[in-house]
Amino acid sequence: MLYNGVLPNCLTFPFMLKDCIKRFDFYVGFSVHGQIVKFGVCNDVFVRNCLISLYSSCGVLSKARFLFDEMLERDSVSWNSMMTGYLKSGELDLALELFNRMEKRTIFTWNAIITGFVQGGRAKEALDFFHEMLSLSKGGVWPDKITIASVLSACAQLGAIEQGTWVHNYLRVHNLECDVVIGTALVDMYGKCGYVREAYDIFREMPKRDTLAWTAMISSFAVNGYAKEAFGTFNEMEASGVKPNHVTFVGLLSACAHSGLVEKGRWCFDVMKNVYSIQPHVHHYACMVDIFSRAGLFEEAERLIKSMPMKPDVFVWGALIGGCQMHGNFELGEKVAQHLIKLEPTNHAFYMNLCDIYIKGSRFNDAMKIRDMMKERGVKKEVPGCSMIEIEGVVHEFSVREYSAIVSTEMMWVLHVLSDDMKKNNIHNTIAQGGREKEENAVKLVSSVFTAAAAKQIIVLQDTSMKITLYAIFKLGSGMELNTCLSGSDVKSKEHKNQ
């Protein structure tokens, strides 16, 4: 083109840049950028949008943001391209900052922010975006199948069965097609929320099932402890001619681990390699180590770890430590935990694992030394443990550091009384036997769980001006039937398995 004296214009370069984006070819794209500057079309909105997409897709976000900030005129594609780049790179807060500044939000915008936050582990916020989208839907933007699939994934992460069921009904009311993608998302959501029957019914109703659909059903059985049904579904999958993938075998191996099926696990691992030519990933090795460790086969677990073609990750070592704690193999557990501390001296989880091993082995002085070591090295638990509950379709989160806005005076009273009772009964001696610090840690250990439990019952009963008693909280914490003695009347309810 240049050889023949034909000069490129603003229509030429977008095609070249899109090809670079498709191949993630940063260097060629950078050269094209030089030609764009040379021929003076850098300020064209379409050209600049493509440049932002190029640098974003290649992970050069600083360059993409520089081009974005310099734009004299921006359209929705400009905003979406920059926001998507942040989302793909895990920069969720920067993406949210752009999202909040956007005046016009398209369906692509909503799908990008919802999907990005789900994949980034912030599922609760993703659901908030979905509800905001619905509240603004009069503006002409309605959820599509991509939106629904992402929202169902968020519900699965949170165990938000009420919201998941609402989304399922939304599909029916608005006659949205339940294709293989939506069907698989529904199976996954119901399965992870513990509603295996509903997951199985949807799976059976699917006119077409691909590998992901079969895998979702197998994993649903596996995560809920139905190993026999998981392998029965796998046999049906084989008979139907659908080829399993590596995730399918993760589900099967997990089923073996939770059901103690050692020989079945060996068979599964062998079939994966020799029949389907799937090379084991680190997750498969972690499952096998879990199977052997739960069965007390520590020598076989260690041999497998030594034979791994890749470096064992924390899940592999964690599976081994879990087995050591289960069977009281404190010598091996101590060795593994110390090895992990050497590998990652700033990871608080490994110190806590070693501390737990010492406590279970009645080595309380050693446990205190680990605590002191953490203080000396400045190792702290950055992310507090939390509990989440769903009340009337709204997910509330509680942690040691902060509570949801629904925490009431009644619930705080319950928690204070519970804390005092634990101290009076020397719960610190039962758990750790190590001074006031351990007493406080023991109280903190259960505080988020009891806070969530107390909140649920108080909110459910607030409309009738009923007050929950300490007796009710103790019953709830022990998993027994809940009897609440409330201003002259008795109310009985039972906590569901997934709450």
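In the predicted model, Asp188 forms a salt bridge with Lys192, with the closest N and O atoms 3.4 Å apart. Both residues lie in helix α11 (residues 180-192). Because they are four residues apart there, about one helical turn separates Asp188 and Lys192. Asp188 is partly exposed, at 21% relative accessibility. Lys192 is exposed, at 51%.

A second pair sits in helix α12 (residues 196-205). Here Arg197 forms a salt bridge with Asp201, and the closest N and O atoms are 3.7 Å apart. Arg197 and Asp201 are also four residues apart, so about one helical turn lies between them. Arg197 is exposed, with a relative accessible area of 54%. Asp201 is partly exposed, at 34%.

The side chains of Arg363 and Asp366 meet in a further salt bridge, at 2.8 Å from N to O. Arg363 is partly exposed, with a relative accessible area of 32%. Asp366 is partly exposed at 21%. Elsewhere, salt bridges link Arg65, Asp69, Glu97 and Arg101 in a network. The count of salt bridges comes to 21.

Helix packing was also examined. The axes of α7 (residues 107-119) and α9 (residues 145-158) come within 9 Å and cross at roughly 20 degrees. Angles under 35 degrees count as roughly parallel, so α7 is roughly parallel to α9. Their crossing is left-handed. From α7, the contact involves Ile107, Asn111, Ile114, Thr115 and Val118. These residues meet Ile146, Thr147, Ser150, Val151, Ser153, Ala154 and Gln157 of α9. The contact residues of α7 and α9 comprise six nonpolar, six polar and no charged.

Definitions and conventions: Residues are numbered from 1 along each chain as its sequence is written. This is a predicted model: local features need pLDDT of at least 70, side-chain atom pairs count only at pLDDT 80 or more; totals for chains, interfaces and linings use all residues. Side-chain values use heavy atoms; hydrogens and water are left out. Axes are lines fitted to C-alpha atoms, for helices over the stretch in contact, and angles run from 0 to 180 degrees between N-to-C directions. Helices (H or I, at least four residues) and strands (E, at least two) are DSSP runs, numbered from the N terminus. Angles under 35 degrees count as roughly parallel, over 145 as roughly antiparallel, 65 to 115 as roughly perpendicular and the rest as oblique. A crossing is left-handed if the near helix is turned anticlockwise from the far one by less than a right angle, and right-handed if clockwise. Contact means heavy atoms within 4.5 Å. Ala, Val, Leu, Ile, Met, Phe, Trp, Tyr, Cys and Pro count as nonpolar, Asp, Glu, Lys and Arg as charged, and the others, Gly among them, as polar. A salt bridge is a side-chain nitrogen of Lys or Arg within 4 Å of a carboxyl oxygen of Asp or Glu. Buried means under 20% relative accessible area, exposed over 50%, partly exposed in between (1.4 Å probe, protein chains only).
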